[in-house]
Amino acid sequence: MDERLIEAVRAKYQYEMKKSVSDIGMELENPGGQSLEKIDSFVDNFSRAKEKASYFEAIIKNLKGEEE
């Protein structure tokens, strides 16, 4: 397996989660008229990225188990 590609995918999901946290923080610091909807959207983005990362890790673990 290409470990660099695996790490790139992991980094992508980590970035998406960190960006969502940052976006929520900024919205909480400077709330506006659509804050509830924006925060809800950011939480959805975080949740999807975390779920994808979890699935990806399970797939990698499964594939590595098959290689051994």
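**Salt bridges in a predicted model**

Glu7 has a relative accessible area of 41%, which places this residue in the partly exposed class. The structure described here is a predicted model, and a search across the whole of it finds six salt bridges. The points below take up some of these pairs, together with the exposure of residues that form them.

**Glu7 and Arg10**
- The side chain of Glu7 meets that of Arg10 in a salt bridge, with a distance of 2.4 Å from N to O.
- Both residues belong to helix α1, which covers residues 3-29, and because they stand three residues apart there, about one helical turn separates Arg10 from Glu7.

**Lys19 and Asp23**
- A salt bridge also joins the side chains of Lys19 and Asp23, where the N to O distance is 3.0 Å.
- These two residues likewise lie in helix α1, four residues apart, which is about one turn of the helix.
- Asp23 has a relative accessible area of 14% and is therefore buried, whereas Lys19, with a value of 39%, is partly exposed.

**Asp2 and Arg4**
- Asp2 forms a salt bridge with Arg4, and the closest N and O atoms of this pair are 3.8 Å apart.
- Asp2 counts as partly exposed at 41% relative accessibility, while Arg4 counts as exposed at 70%.

Key:
Residues are numbered from 1 along each chain as its sequence is written. This is a predicted model: local features need pLDDT of at least 70, side-chain atom pairs count only at pLDDT 80 or more; totals for chains, interfaces and linings use all residues. Side-chain values use heavy atoms; hydrogens and water are left out. A salt bridge is a side-chain nitrogen of Lys or Arg within 4 Å of a carboxyl oxygen of Asp or Glu. Buried means under 20% relative accessible area, exposed over 50%, partly exposed in between (1.4 Å probe, protein chains only).
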